[in-house]
Amino acid sequence: IMENNNLQNGKPDILFYLGKKKSELSSGERREKVIFMQQVLVKFEDVDQVRDFVNAVSMTEANFELGSGSRIVDAKSILGVFALDLAQPQRLVCDSDDSAILEEIEPFLVREDRLRA
């Protein structure tokens, strides 16, 4: 796993995982697939933002994990998101390198100037 944790600049980090998927292996053949992952910090100001965020990520095929520390939830679950400490920025990890996803969640991304406020 290669990881760059420089989330403070408001740009996503890309994580590279090498994983084997059983369904992709033919008899006696071994292949590895590279899965691209994006990682950003998000923060919500109110309940409406949480609802809008969950609706936005739910519209995509990608998998999302949201949380900090040992508490990680499915970002497509509104109950899971509300179980987090939403007063703090949360780490969002997405298993896609599609930049359109970032455009959808842009209002919730933590920027350097928002961290200082």
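**Exercise 1.** In this predicted model, work out how far apart R51 and D48 are in helix 1, and what separation along the helix this gives.

*Solution.* R51 and D48 lie 3 residues apart in helix 1, so about one helical turn separates them. The next step is to look at their side chains, which meet in a salt bridge with an N to O distance of 3.1 Å. R51 also forms a salt bridge with D52, where the N to O distance is 3.2 Å. Taken together, D48, R51 and D52 are linked in a network of salt bridges, and a count over the structure gives 2 salt bridges.

**Exercise 2.** Decide whether R51, D48 and D52 are buried, partly exposed or exposed, starting from their relative accessible areas.

*Solution.* The cut-offs needed here are under 20% for buried and over 50% for exposed, with partly exposed in between. R51 has a relative accessible area of 40%, so R51 is partly exposed. D48, at 41%, counts as partly exposed, and D52, with 35%, is partly exposed as well.

**Exercise 3.** Describe the aromatic pair formed by F44 and F108, and locate both residues in the chain.

*Solution.* The search of the whole structure finds 3 aromatic pairs. In the pair of F44 and F108, the ring centres are 5.9 Å apart and the planes make an angle of 50°, an arrangement that is classed as tilted. This pair links distant parts of the chain, since F44 sits in the loop between strand 2 and helix 1, while F108 sits in the loop between helix 3 and helix 4, 64 residues apart. F44 is buried, with a relative accessible area of 5%, and F108 is buried with a value of 5%. Finally, F44 and F108 belong with F53 to one aromatic cluster.

**Exercise 4.** Find which elements contribute to the largest nonpolar core, and which of them gives the largest share.

*Solution.* The largest nonpolar core has 22 residues, and among those with the most contacts inside it are F44, F53 and L66. Two or more residues come from each of strand 2, helix 1, strand 3, strand 5 and helix 3. Helix 1 gives the largest share of this core, 4 residues. Leaving out residues up to four places away in sequence, L66 touches residues including V42, F44, F53 and L92.

Notes:
Residues numbered from 1 in each chain as written. Predicted model: local features only at pLDDT ≥ 70, side-chain atom pairs only at ≥ 80, totals over all residues. Heavy atoms only, no water. Core = buried A, V, L, I, M, F, W, Y, C linked by side-chain atoms within 4.5 Å. Buried < 20%, exposed > 50% of the residue type's maximum accessible area, 1.4 Å probe, protein only. Contact = heavy atoms within 4.5 Å. Phe/Tyr/Trp six-rings, centres within 6.5 Å; stacked < 30°, edge-to-face > 60°. Salt bridge = Lys/Arg side-chain N within 4 Å of Asp/Glu carboxyl O.
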